[in-house]
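Here is a briefing on one protein chain. Look through the sequence and the model first, then take the points below by topic.

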Amino acid sequence: MTLKIAAVCDNQLCGEMLKEAGKKLGLTVNYEVQNNNGIINKLSDEIIFSSHIVLFVTEREVEQIEEIERFIDREYYEVLPQFVIQNAENIISEITADFN
């Protein structure tokens, strides 16, 4: 079974870094970007439902995530974008260690 992560990021850079780190670690990471331009590359309900973990990479409060109801009843983690930029692999390793 491949562990799947759905990420909601403030910017494209964080999403791409997580996706690359996930590949290196043998995981699937799908992401959408939420910023002042709205939701970009919106995750489908199917992707969200099939993900084991939701990761919010944002400087905002989780309650400020647009369409937050899509993520209800999913195990989630929050992290600031700066930590993903510093070491995306470490972030994924930490949250997946908690999951196992």
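I92 is in contact with I5, L18, A21, G22, L25, L27 and V29, leaving aside its neighbours within four places in sequence. I92 is also among the residues that touch the most other members of the largest nonpolar core. The model is predicted. The mean pLDDT of the protein chain is 94.

**Nonpolar cores**

- The largest nonpolar core holds 21 residues. I5, C9, L18, L55, V57, V84 and I92 touch the most other members.
- β1, α1, β2, β4, β5 and α3 are the elements that give two or more residues to this core.
- The biggest share comes from α3, with 5 residues.
- There is a second, separate core of 9 residues. A6, L43, F56 and I65 are included in this second core.

- A21 is found in helix α1, which covers residues 12–25.
- A21 counts as buried because its relative accessibility is 4%, and buried means under 20%.
- A21 touches A88, E89 and I92, not counting residues up to four places away in sequence.
- A21 and E89 are 68 residues apart in sequence. In space, their C-alpha atoms are 4.9 Å apart.

**T96 in α3**

- T96 is found in helix α3. This helix spans residues 81–99.
- Is T96 buried or exposed? T96 is buried, with a relative accessible area of 11%.
- The side chain of T96 reaches the backbone oxygen of S93 at 3.2 Å.
- Not counting residues up to four places away in sequence, T96 touches L3, I5 and L27.

**The sheet**

- What is the strand order of the open sheet? The order is β3-β2-β1-β4-β5, with 5 strands and mixed pairing.
- β3 (38–40) and β5 stand at the edges, each with a single partner strand, so one side of each has no neighbour in the sheet.
- From one strand to the next, the twist averages 20°.
- Helix α1 packs on the sheet and touches β1, β2 (28–35) and β4. The direction of α1 makes about 175° with that of β2.

**Strand β1 and its pairing with β2**

- β1 covers residues 4–9. 5 of the 6 residues of β1 are buried, so this strand is largely enclosed by the rest of the structure.
- β1 and β2 run parallel and are joined by 6 bridges.
- K4 stands opposite T28 in β2.

- L55 has Y77 in β5 as its bridge partner. F56 has E78 in β5 as its bridge partner.
- Which residues make up the covered face of β5? Y77 and V79 do, while Y76 and E78 make up the uncovered face.
- L55 is among the residues with the most contacts to other members of the largest core. F56 belongs to the second core.

- Phi of E67 is near 55°, a positive value in a residue other than glycine.
- E67 counts as partly exposed, at 31% relative accessibility.
- D73 also lies in the loop between β4 and β5.
- D73 is not a glycine, yet its phi is positive, at about 70°.
- D73 is exposed because its relative accessible area is 75%, and exposed means over 50%.

**Confidence**

- In the protein chain, 96% of the residues reach a pLDDT of 70 or more.
- Among the elements, β1 has the highest mean pLDDT, at 98.
- Helix α3 has the lowest mean pLDDT of the elements, at 92.
- Where pLDDT is low, predicted coordinates should not be read in detail.

Technical notes
Residues are numbered from 1 along each chain as its sequence is written. This is a predicted model: local features need pLDDT of at least 70, side-chain atom pairs count only at pLDDT 80 or more; totals for chains, interfaces and linings use all residues. Side-chain values use heavy atoms; hydrogens and water are left out. pLDDT is the predictor's confidence in each residue, from 0 to 100. Helices (H or I, at least four residues) and strands (E, at least two) are DSSP runs, numbered from the N terminus. Buried means under 20% relative accessible area, exposed over 50%, partly exposed in between (1.4 Å probe, protein chains only). Contact means heavy atoms within 4.5 Å. Two strands pair if DSSP finds at least two bridges between them. Axes are lines fitted to C-alpha atoms, for helices over the stretch in contact, and angles run from 0 to 180 degrees between N-to-C directions. A nonpolar core is a set of buried Ala, Val, Leu, Ile, Met, Phe, Trp, Tyr and Cys residues joined through side-chain atoms within 4.5 Å. A polar contact is a pair of N or O atoms within 3.5 Å; within protein, one must be able to donate a hydrogen and the other to accept it, and residues adjacent in sequence count only if both atoms are side-chain atoms.
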